[in-house]
Amino acid sequence: MAKKVLLEKAHIKGIRAYDVYKAQGGYASVEKALKMDPAAIVEEVKKSGLRGRGGAGFPTGMKWSFLAKPEGVPRYLVCNADESEPGTFKDRYLMEFLPHLLIEGLIVSSFALGSNSTYIYIRGEYAWIVNILEQAIEEAKQHGYLGKNILNTGFDCEIYVQRGAGAYICGEETALIESLEGKRGNPRIKPPFPAIKGLWDCPTVVNNVETIAAVVPIINMGGEEYAKIGVGRSTGTKLLSACGNINKPGVYEIDMTISVEEFIFSDEYCGGIPNGKRLKACIPGGSSVPILPANLLLKTAKGETRYMNYESLSDGGFATGSMMGSGGFIVLDEDQCIVRHTMSLARFYRHESCGQCSPCREGTGWMEKILTKIENGKGQSSDIDLLWDIQRKIEGNTICPLGDAAAWPVAAAIRHFRDEFEWHVNNPSLCLTENYGLAHYADELSIVS
Amino acid sequence: MAEEVKKIKVTIDNITIDVPMGTTILQAARMIGGDVVPPAMCYYSKLQGSGGKCRTCLVEVSKGSEADPRPMPKLVASCRTGVMDGMEVKNMTSPRVEDARNGVVEFLLLNHPLDCPICDQAGECHLQDLGYEHGKEGTRYEFKRRTFDKHDLGPYIQLHMTRCILCYRCVYTADQLTDKRVHGVLSRGDHSEIATHIEKSLDNNFIGNVIDVCPVGALTDKTFRFKNRVWFTKPMSAHRDCKCCSGKVTLWQRGEDVLRVTARKDQWGEVEEWICNECRFEKKNTADWIIEGPTQVNRHSVISQGHYEHVLKPTETFSAVHGGRKPKLLMDIHSVSEVNDPSVDLSLINGSATGEVFNHPTKTQE
Amino acid sequence: MLKFSDNKLKEVKKIIDRYPQGKQKSALIPLLHMAQSEFGGWLSPESMDYIASLLTIDPIEVYEVATFYSMYNLQPVGKHVFEVCQTGPCMLNGSDNIINYIKTKLNIGVGETTEDGLFTLKTVECLGACGYAPMMQLGDHYREHLTKEKVDAIIEECRGKE
């Protein structure tokens, strides 16, 4: 049984309420951290090896140490709860069931960073979670963990919940800051980075919900101890939200030592594919990371077992690997059409492009149109090459990573499933009624050494 | 005493220059001048916060700095990236830049109506120049181009949203020159548009400057609408004593008529000094102005075609030159060419006038 | 003239107080949510102008924001808005069938409102409920694991509220 440090107590009855949470050892990290030097907390987080859980996987301790600390200028911590990457719903679970874990992590992190006003920016659609969080904040305040002079340390801190209003792009940290300032969610042009010039032009750290929650066990057990969980640079535990064609969709906490095969097929996790179907493909880290066919998903191109951690999932680069991303694990069974699925993702990115820079604004719509054409049996074989060229010209050339996020799924679909695209093009009427199916996508690969 | 600004070295396309700390790559390239200057569609040195959006000025940083020589992994927007000491940049010498820029041009033109023949901006349009220099012939886009509901911005400014490239310059202009902005970028993604949401006219006394900053034909001068092609008009520098602005303008004349007034622009196409609406829209008589002389126009510009600066217009008529003799017909073209057969009425030809049209009547009769 | 109730105005003040002095524009998105729920489920130019006046910002700043975010309705909508997710993971679990079923059942297309003004059907992109697909948002809550039977029950439930 894998070690759990975040969701360990999620199933305890009434854990959402302060009293139960506290009785289970809650807020111990606040008691401990507020007696520490803020710099020592940052040090513990560095030692833990914790990497940002929002998708990019940047070392959190390092991000914290970049925060500028000019005299007389407020600093802000902003919690990114704008969870919108298709396939990802782990933060929602955490906030819904363990709101106090997030608040606890925020108090410790705010103290470490010197933030007296901390904001949780939550996606607008999670309206009911706003109430859950505000309730938790109120309870924490009543018990002296928030407000003025917390635990007589002289540290003041308020946490506010800000609701978004429907925009995937606000998950990008500078777009989130713009939105929090009451503006359109247009990502800023970097540099300057938020650590220097963020919310209201003050130094700001933006961290994902799960990242902040992980600070609690790190303080409780110590950074070194936390780093012992997991493997290599994939330390600690990771929340995965599994969905698509599996028997047990849901949120799972793993310690990054289990194999992809175990995650999909064991009863402890996804419980296999429903209706006796076979695995065709999977997007292991949220819709923007490369999709992999079954044969490359379960084993790397070198024929080694693929594990659920940062390094193993990206083994082989984009040619034969993928990414851990945000942990949105989307499984496709043999009945699913890759072209149609890619089209749906292209539609998503077109819909969510902010429209600020030209490659993303124009390119995402163009890709969606071509994919729709191919899906409807009206494509030509030159369209596949054109798609490839468009995604190539978007990737890396945009203001923010949304351009890459839109380009990668299209690129990976063509890279690994080109013959399914060609089948659509060559069988215009057949592709409207029939499915290309599993084809050879689960066949054993010859090992490239 | 002013502190001396530290000078640092930057190399662009193998040309090294010393620039003050805080200079951007684009500014440094402009100091060098010539072909190393990346094109810029959204950046505007006089508008704070502008730039970074159009991606035409992407360049490759092949060496980050002397201290950290690693190349930057991605192409960067030269208008918003500061130079570091010892930085090496590739613009026209980088195939990656050429490829990316080619893509950006294609993206910018993707939904553009290409209605240059009826666009008042034609001839001074930065998108035309960009397409000419960095684009490819033809388009790979085969879908219906985007359209928008039309919005009326009042008596002075004509908006053609289909031509807009969303550079945001007009938004920054209204923010930085006027006290109350009434237009902005509405909606999101490929539906983003410049609009006022509820019909409103733009009437601040300095709002006319949005016409000058617009790189394309999205915002044009309504008082000049369909009056003439810019290359038929003659730009003349002029000034007047104005209470609101510098009064330094360019008059665009046809004969003695002032068809249009704009701010004066520098070699990068940027306004030198902002002008007020009165100067721009209300003063259309030469008597309103003190004319300084012809405006220098880049000789590669279509506007300079047909303008022969410092060349006197001949005063003699044809018959005066010929000592009163009438011109004599030396050869009737129709006797040697079928193409100009006077019996063919060109306006009646259905489709394009090919050789077939002209060959047909005579050849079949034979 | 539109106006929030005194109670709502107190709430407005509380929201503005979350931000530093002079940064009241940060309250714009929460206030637009409030205006939408208080003034008929959509944002008319009049209600947006009202919010601009409350925050002492230019109306265009409100329009820019209101048109950017997909949760704001800029046209009147039905009393109950079915916002059905159609993105990848929901699609894998049959969201297309659910959308088609609602279309037939209510006899409206996507983006349309029933003649009685009760229901509007919208398709939306990923709402973060991929594991509980197919799903839709109805008001402040999610309805998950949708089936035709569940859709029928939801429609009846809404009608029952009349």
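A: Domain bounds here come from an automatic or database domain assignment. On that basis chain A is divided into domain 1 (18–227), domain 2 (237–332) and domain 3 (338–433).

Q: And what are the ground rules for the model and its numbering?

A: This is a predicted model, in which local features need pLDDT of at least 70, side-chain atom pairs count only at pLDDT 80 or more, and totals for chains, interfaces and linings use all residues. Residues are numbered from 1 along each chain as its sequence is written, while chains are lettered from A and ligands numbered from 1 in the order in which they are written.

Q: How far apart are the centres of domain 1 and domain 2 of chain A?

A: Their C-alpha centres lie 28 Å apart. The contact takes 14 residues from domain 1 of chain A and 18 residues from domain 2 of chain A, where two residues are in contact if their C-beta atoms, placed from the backbone, lie within 7 Å.

Q: Which element gives the largest share of the domain 1 side there?

A: Helix α5 (residues 90–97) of chain A, with three residues. Helices (H or I, at least four residues) and strands (E, at least two) are DSSP runs, numbered from the N terminus.

Q: What is that side made of, by class?

A: The side of domain 1 of chain A that touches domain 2 of chain A has four nonpolar, five polar and five charged residues. Ala, Val, Leu, Ile, Met, Phe, Trp, Tyr, Cys and Pro count as nonpolar, Asp, Glu, Lys and Arg as charged, and the others, Gly among them, as polar.

Q: Staying in chain A, is strand β2 mostly covered or uncovered?

A: Mostly covered: six of the eight residues of β2 (residues 115–122) of chain A are buried. A residue is buried if 20 or more other C-beta atoms lie within 10 Å of its own, exposed if 12 or fewer, and partly exposed in between, with C-beta atoms placed from the backbone.

Q: Which way does β2(A) pair with β1(A), and with β4(A)?

A: Strand β1 (residues 75–81) of chain A pairs with β2(A) in the parallel sense over six bridges; two strands pair if DSSP finds at least two bridges between them. In β2(A), the bridge partner of A:Asn80 is A:Tyr121. With strand β4 (residues 155–163) of chain A, β2(A) also pairs in the parallel sense over six bridges, and A:Tyr119 stands opposite A:Tyr160 in β4(A).

Q: What about helix α15(A): how enclosed is it?

A: 15 of the 15 residues of α15(A) are buried, so the helix is largely enclosed by the rest of the structure. It covers residues 338–352 of chain A and reaches 21 Å from its first C-alpha to its last, close to the 21 Å expected at 1.5 Å a residue. The expected span is 1.5 Å times one less than the number of residues.

Q: Now chain B. What's the overview?

A: Chain B comes to eight helices and 13 strands, and 38% of its 366 residues count as buried. Its C-alpha atoms fill a box of roughly 80 × 55 × 50 Å, taken along the principal axes. The division is into domain 1 (7–104), domain 2 (142–226) and domain 3 (228–341).

Q: What is the strand order in the five-stranded sheet of chain B?

A: This open sheet runs β2-β1-β5-β3-β4 (chain B), with mixed pairing. Its edge strands are β2 (15–20) and β4 (76–77) of chain B, each pairing on one side only. Six bridges join β1 (residues 7–12) of chain B to β2(B), and the two run antiparallel. There, B:Ile12 has B:Ile15 in β2(B) as its bridge partner.

Q: Which strands does helix α1(B) touch?

A: Helix α1 (residues 25–32) of chain B packs on the sheet and touches β1, β2, β3 (58–63) and β5 (87–90) of chain B, its direction making about 120 degrees with that of β2(B). Axes are lines fitted to C-alpha atoms, for helices over the stretch in contact, and angles run from 0 to 180 degrees between N-to-C directions. Helix α2(B) lies across β3 and β5 of chain B, at about 160 degrees to β3(B).

Q: How many residues does each chain put into the A–B contact?

A: Chain B gives 25 residues and chain A gives 21 residues. On the chain B side the largest share, six residues, comes from helix α2 (residues 95–110) of chain B.
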